[in-house]
Every structure is written in structure tokens, then in C-alpha cells.
Amino acid sequence: NFKERIMTMLNALLIIFVIAKILGFITWSWWIVLSPLLIQVSIGLLSLVFYGVANFRITSLLKKLKKEL
């Protein structure tokens with residue numbers, strides 16, 4: 001599954017970045033180091049928003065159809 005592969009890749013990057021930061025191999029900001037996690041959270045929040053909007057639209061369309069019948 002494509003989504004699972006992307007999430008696995010982001011998790012691997014997160015682990016690599018955190019270990020490299022702790023061991024001093026990189027001097028990046030923690031925001032950059034934690035960016036794979038932030039990307040995952042953003043994807044999750046966007047999915048929830050899209051689901052909510054779609055659910056609202058479908059529910060309102062079904063109510064409208066019931067009124068017409």
C-alpha cells in the first residue's frame with residue numbers, strides 16, 4: 001500500500017534524523033529534525049478535515065433528497 005510505504009519512509013527518516021542530531025552528526029534545528037513527524041501529523045489532520053467536509057456534504061444532500069421525496 002502506497003500510504004503505508006510513505007509513512008514507513010517518514011518514520012525511518014525521523015529515527016535517522018533524531019539519532020544523527022543526538023550524536024552530533026547534524027546541527028539542524030529540531031524543527032527540521034522533527035519534520036517527518038510534522039508531515040505525518042499534517043496529513044492526518046488534512047484527512048480528518050476532508051472527511052468532515054465530505055461527510056457534511058453527503059449528509060446535507062441526503063436530507064435534501066429526503067425532503068424532496
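Where is F25 found? In this predicted model, F25 is found in the loop between α1 and α2. The protein chain has 3 helices and 0 strands, and read along the sequence they follow the pattern α-α-α. The radius of gyration is 20 Å, well over the 11 Å that the globule rule gives for 69 residues, so the chain is more spread out than a compact globule.

**Overall form**

- The C-alpha trace of the protein chain spans about 70 × 25 × 10 Å along its principal axes.
- Of the 69 residues in the protein chain, 14% are buried.
- Helix α1 covers residues 2–22, and helix α3 covers residues 35–68.
- Helix α2 takes up residues 30–33.

- F25 has a relative accessible area of 66%, over the 50% cut-off, so F25 counts as exposed.
- F25 and G52 are 27 residues apart along the chain, and their C-alpha atoms are separated by 42 Å.

**The aromatic pair**

- The structure holds 1 aromatic pair.
- The pair is edge-to-face because the planes of the F17 and W28 rings stand at 80°, with the ring centres 5.1 Å apart.
- The two partners come from distant parts of the chain, 11 residues apart: F17 belongs to helix α1, and W28 to the loop between α1 and α2.
- F17 is buried, with a relative accessible area of 18%.
- W28 has a relative accessible area of 36%, which makes W28 partly exposed.

**K21, a buried lysine**

- K21 is found in helix α1.
- Although K21 is buried, K21 has no salt bridge.
- The nearest side chain of opposite charge to K21 is that of E4, 32 Å away.
- A polar atom of the K21 side chain lies 2.5 Å from the backbone oxygen of W28.
- Not counting residues up to four places away in sequence, K21 touches I26, T27, W28, W30 and V33.

- Q40 has its place in helix α3.
- With a relative accessible area of 18%, Q40 is buried.
- The side chains of Q40 and N11 make a polar contact at 2.8 Å.
- Leaving aside neighbours within four places in sequence, Q40 is in contact with M7, L10 and N11.

- M9 has its place in helix α1.
- M9 counts as partly exposed, at 46% relative accessibility.
- M9 and P36 are 27 residues apart in sequence, and their C-alpha atoms are 8.9 Å apart in space.
- For F25 and G52, which are also 27 residues apart along the chain, the C-alpha separation is 42 Å.

Terms used. Residues are numbered from 1 along each chain as its sequence is written. Side-chain values use heavy atoms; hydrogens and water are left out. Rings of Phe, Tyr and Trp (its six-membered ring) pair if their centres lie within 6.5 Å; planes under 30 degrees apart count as stacked, over 60 as edge-to-face and the rest as tilted. Helices (H or I, at least four residues) and strands (E, at least two) are DSSP runs, numbered from the N terminus. Buried means under 20% relative accessible area, exposed over 50%, partly exposed in between (1.4 Å probe, protein chains only). Lys and Arg count as positive and Asp and Glu as negative; His and the chain ends are not counted. A salt bridge is a side-chain nitrogen of Lys or Arg within 4 Å of a carboxyl oxygen of Asp or Glu. A polar contact is a pair of N or O atoms within 3.5 Å; within protein, one must be able to donate a hydrogen and the other to accept it, and residues adjacent in sequence count only if both atoms are side-chain atoms. Contact means heavy atoms within 4.5 Å. The radius of gyration is taken over C-alpha atoms; the globule rule is 2.2 Å times the number of residues to the power 0.38.
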